[in-house]
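I opened the notebook to go through this chain one item at a time. Entries follow in the order I looked things up.

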Amino acid sequence: MNNNHGILHAPPYTKRLLVLVTACLIQGGALAEEKSEAPSITVTAEPIVDGEAPDRTAVDAAVVKRSRAATSDTASLLENVPGVTTYGAGGVSSLPVIHGLADDRLRIKVDGMDLISACGNHMNPPLSYIDPTSVNNAQVFAGITPVSVGGDSIGGAILVDSPEPEFAQPGAGLLQKGEVGATFRSNGNVRGGNVKATLANESISLTYRGSTIKADDYKAGGAFKPAGPAAAGRDWLDADEVGSTYYDSTNHALDLGLRNGNHLFELTLGLQDISDQGYPNQRMDMTGNDSTQINLGYKGEFDWGSLDARAYREHTRHKMQFGDDKLFWYGSNAGAPNPDGVPCTPSPGMNGCAAGMPMDTEGDNRGLTIKTDIALSLRDMLRVGGEVQRYRLDDWWEPSGKGMWPDTFLNINDGQRDRLALFAEWEAQWDPQWLTQFGVRGERVSMDTGEVQGYNATYAAEAAAFNTADRDKTDNNLDLTALARFTPDRNRSIEFGYARKTRSPNLYERYAWSTGGMAMRMINMAGDGNGYVGNLDLEPEIAHTLSATFDWHAADGEDWGLKLTPYFTYVDDYIDAKRCSSANSNCGAANQTATDAFVYLQFVNQSARLYGLDISGHYPLAKGTRFGRFTARGALSYVRGENRDTGDNLYNMMPLNLKLAVEQQYGGWTNSLEAELVDNKSDVSSVRNELETDSYALLHLRSSYEWKQLRLDLGVENLFDKFYNHPLAGAYVGQGKTMSGTGVPWGIAVPGMGRSLYAGVNYSF
């Protein structure tokens, strides 16, 4: 099922892209040669650099270090960025949300690679492929995303990077350094370790990074269900124990850097092995996720500007099955009573026996990106570039007994999703007060898939209809951005702009084909416990966003600051859901009217509107005292999402929330007391029977100490062991007979974690 064509055997449009980009680079070089003949001048204005990119929030290495001892989930490192939250998922695999838009609606890059979730439940999202201990910095574009950063997305963009190669200083001899660390968290018995080692001279750098983390099920702040066996034949779960929240993940990376003057080449080989990861809001669990990555990058500085190029390949082998807290054995041996949970011999027929439900996925993702910054003048910077991405996906389910017999279910067979993009962006610093940025991006997204089949004749009619349908789809997408920044003085600035962004459906949204109840329940990227079927007629989403950021700050940018960001987004052809309708009984009258049960849905284009406000700030309470420096920090976010066609609320909108903290810096110590306040969620999606959640308030204590090469992190999350349901954690299907539509009770939300003490230590040498 794996197609092994390489980048060198890419389709003709890949070659056309390379020709166009090369022509741009040649033209840039010609401009540089012409400039070299002009008289030399002295530059007094500051040049435009990526670090000054408009509408960007940076999460630097210091912030990452303070956060990583408390989490195994890289996406959660971004939760202190205004407007950013996370969808609940596995312990290392939550999905970031920006202003109510999540998952594939965001552009997420890890070390420059566009990674894709190869799973019908999106259990392996992009940020799950990098451990928090390997993160050096992150950038979040939560407003008007530049076309040089965005693409095939309608929300913002997230760029997460590991450390760049380190080289020895001239004449300093061989650089030898390393780091070793360990982490423990009490709730869930989380234990982990990380190691890093670097060997380098002035031109060559070799670095190894490794990490491993393992956790058991965590406990909520109180009972939320009866105590008892997780399922027939499974172990006991306490009343406050959240089933299917365990995980076991290991990551390795080997990074080779070569430097020659202003030119840097970098080759990274990555390997991930997630042997187990439970999902409390999915009916399946991850029983294996093996990923290999090859990432080759180049950065060069020239008289005329800079060039950034990258080629990568990521291969994923993903497996799902019922984990330790979910029923595995369904039915019994022929002629015997039906004692679910008792080991038996797999056999066909509804009265037979099934050994779970194996689900296998293989994804192959290859890409090439080229971007150049051409300094046209002291005022003008031109960014041009292009991207090619070639993605292949196979999703198949081996027969295991009962109704899942005798054939292999082909869910996505030779799925193809190829992207070709070209962009141009003009950034101009007109004077010290005004900066503008205009961009245009064109993308061609081509999708197709092969013929499918079900387990048996029950699925024959739907499979035949899908196989005779036109499955070859091509979308021609256009993105536009216009952004301005006005800085009247050193204490104030305002950024405002408009963006038109486009996203094509993913393979599951278009090509998941069966309305069989069990098959639909296995397709769920929302964590709501419902079942989904795709739609061949889906159109790309087109979002129109208006956003502004008002920024008041001290002249040094550090002492005090206040930011206010209102935004509004209207989406044509927003991919939402409607109750499915077909000859299948699962999509009948009862499914149309149910208000207190899991339901069956189909992806469909509708229109949507999202709007909200972010407010964040910091202010010094005291400085230069005998007890150090005290700073108050706060962030408030509100988002509202509405379906304009139906009048329904959009799914998984974070209610009004506020974070407040008082931070003390004293010598090598940094201590903080943080309060997290979240309003009740009552604006819920009726079509999905989304659960409401109550308001809550949490208190956290954090402390870190740095002394020479030693760093120590200590803290308590949820200090008072408060019980709460996180608004974006979804429906609880973490235990029981999850293959069955009615085998787990409806109406239980996934609880948040109770009190947890954590400690982390890192030693650098």
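Which residues does T631 touch, leaving out those up to four places away in sequence? I worked on a predicted model throughout. I found H618, Y619, P620, L621, A661, V662 and E663 around T631. I placed T631 in strand β30, residues 628-643. T631 has a relative accessible area of 5%, and the cut-off for buried is under 20%, so T631 counts as buried.

**Entry: N652**

I moved along to the loop between β30 and β31 (657-666), where N652 sits. N652 is not a glycine, yet I read a positive phi of about 60°. I noted this because most residues other than glycine have a negative phi. N652 is buried, at a relative accessible area of 2%.

I looked for another non-glycine residue with positive phi. K708 has one, at about 55°. I located K708 in the loop between β33 and β34. Is K708 buried or exposed? K708 is exposed, with a relative accessible area of 70%. So N652 is buried, whereas K708 is exposed.

I then looked at the strands on either side of K708. β33 and β34 make a hairpin, with 2 residues between them. β33 covers residues 696-707 and β34 covers residues 710-717. They run antiparallel and are joined by 7 bridges. W707 faces L710 of β34 across the pair.

I followed β34 to its next partner. Strand β35, residues 756-764, pairs with β34 over 8 bridges, again antiparallel. For E717, I found S756 in β35 as the bridge partner.

**Entry: a five-stranded sheet**

I went back towards the start of the chain. Which order do the 5 strands of the open sheet take? I read β1-β7-β8-β5-β6, with mixed pairing. β1 (57-59) and β6 (113-114) are at the edges; each has a single partner strand, so one side of each lacks a neighbour in the sheet.

β7 (residues 137-141) and β8 (residues 157-161) run antiparallel, with 5 bridges between them. F141 has A157 in β8 as its bridge partner.

**Entry: a cis bond**

I checked the peptide bond from W405 to P406. This bond is cis, with omega near 0°. I flagged it because most peptide bonds are trans. P406 lies in the loop between β21 (380-397) and β22 (409-429).

**Entry: the whole chain**

I finished with totals. I counted 6 helices and 35 strands in the protein chain. How many of the 765 residues, as a percentage, count as buried? The value is 57%.

I compared the radius of gyration with the globule rule. A compact globule of 765 residues would come near 27 Å, and the chain has 26 Å, which agrees. The C-alpha atoms fill a box of roughly 95 × 65 × 55 Å along the principal axes.

I looked at contacts between residues at least 6 apart in sequence. Of these, 71% join residues at least 24 apart.

I noted the surface last. The chain exposes about 30800 Å², and carbon and sulfur atoms supply 57% of that area.

Methods. Residues are numbered from 1 along each chain as its sequence is written. This is a predicted model: local features need pLDDT of at least 70, side-chain atom pairs count only at pLDDT 80 or more; totals for chains, interfaces and linings use all residues. Side-chain values use heavy atoms; hydrogens and water are left out. Two strands pair if DSSP finds at least two bridges between them. Helices (H or I, at least four residues) and strands (E, at least two) are DSSP runs, numbered from the N terminus. The radius of gyration is taken over C-alpha atoms; the globule rule is 2.2 Å times the number of residues to the power 0.38. Buried means under 20% relative accessible area, exposed over 50%, partly exposed in between (1.4 Å probe, protein chains only). Contact means heavy atoms within 4.5 Å. Accessible areas come from the Shrake-Rupley method with a 1.4 Å probe; for residues, only the protein chains shown count as cover.
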